[in-house]
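Please look through the structure below with the sequence at hand.

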Amino acid sequence: MSKARKTSRRDFLKGAATGAAGMMLAGSLGACTPKTVTEENANLSAEPPEAAPAATTHTTGELPWLGPEPKIDDANVESNITADVIVIGAGVSGVAAVRSAVEAGGTVAVFEKAEGPQSRSGQYAVLGGIQKTWNRDDVDPEEVINFFMMENSYHNKRAIFSKYLYGSAEAFDWWIAATPDLYIAPSGDAPIPEANKNAALVPLQHPKNPNYNYKEEIYPCFPVTVSFSPSHQFVLEANMAKASSEGEVSTFYGHFAEKLIMENGRVTGVYARNAKTGKYVKATASKGVILATGEYMNNKEIMNYYCPEVVENNIPLLWPNMDVEGKPTNTGDGLKLGSWVGAKIQQYHAPMIHHMGAGGGKMGVMGIACFLQLDADGKRFMNEDIPGQQIENQIEMLKGMYSYQIFDSKWKEELAWMPQAHGQPQSTTSQADVDKAVEAGDCVKADTIEALLDQLDIDKTAALASIVRYNELAHKGKDDDFGKPAKRLFPLETGPFYAIKFTPAPMLVCIGGLESDENCHTFDKDRNVIPGLYVAGNIMGNRYSVQYPISCPGISHALCMFYGKVAGANAVAGI
C-alpha cells in the first residue's frame with residue numbers, strides 16, 4: 001500500500017485549472033482548517049511525525065501498529081449503562097449522529113475524550129437548498145460526482161458521494177435548524193453586523209467573478225461552499241443542546257473508548273476509561289454502536305504505515321484539538337477499535353495537504369494565485385494554474401522543497417483573471433495587505449527584478465533567463481512550455497516586484513477509514529457487514545483516496561454531518 005500511495009500522490013490529472021479571482025473568507029483556510037493564521041502557527045507541531053520502524057507486513061494483512069486488544073477486568077468497571085445507540089466521538093459526525101438517533105426515537109450515550117464537542121473551521125459544501133438564497137442552485141450533482149471519482153482515482157465509492165450530494169440541501173437545512181438566530185450574509189465580502197458576529201453563515205465564491213466559469217476549467221471549483229463564522233463550534237453546541245432537549249442523551253466527556261464489545265458476531269457495546277478515576281464504564285447498546293472517532297494524523301506508527309512519504313518529507317502537522325489528558329484527539333482510535341473486531345481498513349489513504357500560499361502553516365497574501373513559480377535552480381517547473389493539493393505535490397519533489405511565487409505591481413488587475421477557487425486570495429486584498437506582508441517578512445519586495453532575486457535563495461542567472469522566457473510567452477499569448485491559459489499569463493515588467501517563498505504546507509488531516517458504504521455499515525475482511533457497528537466522519541472509509549478533493553471546499557465537514565445523520569437514524573432502525 002505504501003508503494004501505491006507514493007505513486008498516487010503525484011498529480012494524476014493532466015493540464016491545469018482555469019478561472020478568475022478567488023474570494024476566500026478571512027480566516028477560513030480550507031474545509032478543515034483553523035480559523036486564523038495565528039491559530040495555525042500556535043498549533044503547528046514543532047516536529048513532524050517521527051519515522052516508525054519500516055513496515056514489512058503490507059502483504060500479510062498484519063498491522064504492526066495495532067498491538068493486542070486490551071483485556072479489561074470487570075473489577076475495574078465503575079458503572080454499567082445501557083442505551084439504544086452508543087456514539088464514540090463528539091465531533092461534527094458524532095454530534096449529528098446523536099441528534100439523528102434521538103429524533104429517530106432512540107436513547108443515546110456519547111463518549112468523547114475531550115472536554116466537550118470538538119470542531120475547527122466551518123466550511124460546508126451544499127448543493128441546492130440554502131444556495132437559492134444567493135441564486136446559485138444550478139450545479140449538476142452528476143458533474144460533481146464524476147469529478148470526485150476522477151480526483152480520487154476511482155478508489156472511492158460513488159454511492160457515498162451520490163447519496164450526499166442529492167441529500168445535502170435537506171441535511172444542511174436540518175443542521176442549521178438548531179440555530180434559529182443564524183445570520184445569513186448576503187455575499188462573501190459583505191461585513192457581518194456586530195450583533196451577528198458569533199453566529200453567521202457566509203457564501204464563498206459569491207458574488208461570482210464574471211471572468212470565471214467553472215464549466216470551462218480542467219480543475220473546476222464548484223460554487224457550493226458556505227462557511228460558518230467565526231467557526232461551526234456554535235453549531236455543534238446548538239445541535240447537541242437540541243438533541244438533549246428532544247430525547248434522552250447521556251454524555252461522557254473525558255472518557256476514552258478502548259475496547260468494543262462483540263457478542264455472537266455483533267458489536268454490542270464499548271468499554272470506556274474515565275480519565276478522572278482510571279476506571280471503566282461498560283456501555284451496552286441494544287441497537288448499534290457508531291464510531292465517529294476521526295482520523296489518525298498524530299499516530300506516528302499508523303502514519304508511517306499508510307503514508308510513509310508524509311513522514312519521509314517531514315510534513316508538519318496542524319491540529320489544535322486536545323483530549324483531557326493534553327494529547328491530540330486524532331490518534332487513530334477508530335482504526336484500532338474496528339480492527340480488533342475484524343473491520344477492514346481501506347487501502348488508499350488521503351493526506352490533506354493542500355497549499356494556501358507561503359507554506360509552513362501560513363497563508364500567503366496572494367494565496368495560490370497562479371503567478372510565475374521558480375524553483376531553487378531558478379527554473380520554472382510547472383503549470384502554475386493548479387489547485388493547492390497539486391501545488392503541494394510539486395513542491396515536495398523540488399530540491400530543498402521550496403519555490404518562489406513572483407509577481408509585479410500589476411497584481412491587482414491580474415487577480416481578476418485568477419481562478420475563483422480554494423486557496424485564492426480574497427477579492428478585497430489591497431496594497432496595504434501586500435505592504436503588511438512585506439513588513440512582516442512574509443513577502444520580499446524590490447524595485448528591480450535583479451534586486452529581488454538578490455534577496456532570494458535562488459540561482460540568479462537561471463532565474464533571469466526563466467523570467468525573460470516567461471515574458472516572451474506572455475506577450476506571445478501562448479505557454480509553449482507548460483500550457484498555462486493565455487488569460488493567466490502576465491509578464492513581469494512593472495516594478496516594484498514581489499516574491500513569496502512556498503514551502504511544504506502542514507497536513508490538516510489524514511483520511512483513511514474503515515471500509516464502509518452509503519448506509520454507514522462497516523465490513524469484515526471478506527466484505528461482509530459487521531452487525532451493530534456503524535461509522536461516520538473521518539473514520540468512514542471509501543470517501544476519499546489519494547487526496548482530499550478541493551473542487552468542493554467544505555465537502556469534508558459536509559460529509560461528516562450528513563453521514564452522522566444517516567448513521568444515527570440507521571442504527572436506531574437497524575438498517
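Does Tyr-305 count as buried or exposed? In this predicted model, Tyr-305 has a relative accessibility of 2%. Buried means under 20% relative accessible area, so Tyr-305 counts as buried. Tyr-306 is buried too, because its relative accessible area is 2%.

A pair of aromatic rings is described by the distance of the centres and the angle of the planes. The structure holds 19 aromatic pairs. One of them joins Tyr-305 and Tyr-306, with 4.8 Å from centre to centre and 90° between the planes, an edge-to-face arrangement. Both tyrosines also belong to a cluster, in which ring pairs link them with Trp-65 and Tyr-296.

Rings also take part in another kind of arrangement, with a charge over the face. The charged end of Arg-273 sits over the ring of Phe-256, and the distance to the ring centre is 4.5 Å. Lys-565 lies over the face of Trp-174, 5.3 Å from the centre of that ring.

Phe-256 leads on to a pocket. Rolling a probe the size of a water molecule over the atoms shows where empty space is left. The second largest pocket holds about 390 Å³ of space. It is lined by 17 residues, and Phe-256 is among the closest to its centre, together with Lys-113, Thr-331, Asp-333 and Lys-336. Two elements, strand S8 (255–263) and helix H9 (333–340), each give two or more residues to the lining. Which of the elements gives the most to this lining? Helix H9 does, with four residues. By residue type, the lining of the second largest pocket divides into eight charged, six nonpolar and three polar residues.

The last stop is Asn-542, which is found in the loop between strand S18 (529–535) and helix H15 (555–573). Asn-542 has a relative accessibility of 6%, and therefore counts as buried. What does Asn-542 touch, not counting residues up to four places away in sequence? With those residues set aside, Asn-542 touches Asn-156, Lys-157, Ile-160, Gln-346, Leu-514, Glu-515 and Ser-516. Tyr-154 is 388 residues from Asn-542 along the chain, yet the C-alpha atoms of the two are separated by 9.8 Å.

How values were computed. Residues numbered from 1 in each chain as written. Predicted model: local features only at pLDDT ≥ 70, side-chain atom pairs only at ≥ 80, totals over all residues. Heavy atoms only, no water. 1 Å grid on protein atoms, 1.4 Å probe; cavity = no way out; pocket = protein on both sides within 12 Å on 5 of 7 lines; lining within 4 Å. Points joined across faces, edges and corners; volume = space filled by probe spheres on them. Nonpolar A, V, L, I, M, F, W, Y, C, P; charged D, E, K, R; others polar. Buried < 20%, exposed > 50% of the residue type's maximum accessible area, 1.4 Å probe, protein only. Contact = heavy atoms within 4.5 Å. Phe/Tyr/Trp six-rings, centres within 6.5 Å; stacked < 30°, edge-to-face > 60°. Lys NZ or Arg CZ within 6 Å of the ring centre and 35° of its normal.
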